[in-house]
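Biologist: I have not seen this model before, so please walk me through it slowly. Start wherever you like.

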Amino acid sequence: MIRKATQSDIIQASKVLEEVKMDMLREGVDQWDQEYPNEVVLTQDIDKEQAFIYEEQGELVAYMALNEKCDDEYSDLNWDTSIPFLVIH
């Protein structure tokens with residue numbers, strides 16, 4: 001089930017993201033580092049109502065932020081940003 005994240009999800013979401021960071025580094029993906037994402041970023045996402053979690057059998061297994069923030073790399077894509085869109089982070 002996907003639901004909006006709350007402040008009470010921050011600790012578990014941080015643990016899940018730390019596991020993701022380790023997996024990414026093992027695979028040679030250096031998109032994130034020890035400093036990002038962190039609990040401050042998660043808190044900001046929750047405050048902006050952009051934070052969501054995925055749960056299986058009551059256990060938090062994934063975190064995502066949904067917003068219109070495009071990284072510089074997205075400029076190579078051929079898409080129309082004048083119409084509403086969401087980016088999954």
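Biologist: Before we go on, what sort of model is it?

Modeller: This is a predicted model, in which local features need pLDDT of at least 70 and side-chain atom pairs count only at pLDDT 80 or more, while totals for chains, interfaces and linings use all residues. Residues are numbered from 1 along each chain as its sequence is written, and side-chain values use heavy atoms, with hydrogens and water left out.

Biologist: Thanks. What does Y63 touch?

Modeller: If residues up to four places away in sequence are not counted, Y63 touches A13, L17, L42, D45, A51, F52, I53 and H89. Contact means heavy atoms within 4.5 Å.

Biologist: Let me step back. How many helices and strands does the protein have?

Modeller: There are 2 helices and 4 strands, and from the N terminus on the elements run β-α-α-β-β-β. The C-alpha trace spans about 40 × 30 × 25 Å along its principal axes, and of the 89 residues of the protein, 30% count as buried. Among the contacts with a separation of 6 or more, 45% are between residues 24 or more positions apart.

Biologist: And in what order do the strands sit in the sheet?

Modeller: The 4 strands form an open sheet in the order β1-β2-β3-β4, with antiparallel pairing. β1 and β4 (87–88) stand at the edges with a single partner strand each, so one side of each is left without a neighbour in the sheet. Two strands count as paired if DSSP finds at least two bridges between them.

Biologist: How many bridges are there in each pair?

Modeller: β1 (residues 2–4) and β2 (residues 51–56) pair over 3 bridges, and I2 stands opposite Y54 in β2. β2 and β3 are joined by 6 bridges; across that pair, F52 stands opposite M64 and Y54 stands opposite A62. β3 and β4 are joined by 2 bridges, and the bridge partner of N67 in β4 is V87.

Biologist: Now the backbone. Where is there a cis peptide bond?

Modeller: One joins Y36 and P37, with omega about -10°, and P37 lies in the loop between α1 and α2. As background, most residues other than glycine have a negative phi, and most peptide bonds are trans.

Biologist: Which residue in the hairpin of β2 and β3 takes a positive phi?

Modeller: That is Q57, with phi near 50°, in a hairpin that has 2 residues between the strands. Q57 counts as exposed, at 88% relative accessibility. E49 also has a positive phi, of about 60°, although it is not a glycine, and E49 sits in the loop between α2 and β2.

Biologist: Is E49 buried or exposed?

Modeller: E49 counts as exposed, at 53% relative accessibility.

Biologist: Last one: what about S14, buried or exposed?

Modeller: S14, which is found in helix α1, is buried, with a relative accessible area of 13%. Leaving aside its neighbours within four places in sequence, S14 is in contact with E39 and L42. S14 and N38 are 24 residues apart in sequence and 6.7 Å apart in space, C-alpha to C-alpha.

Definitions and conventions:
Buried means under 20% relative accessible area, exposed over 50%, partly exposed in between (1.4 Å probe, protein chains only).
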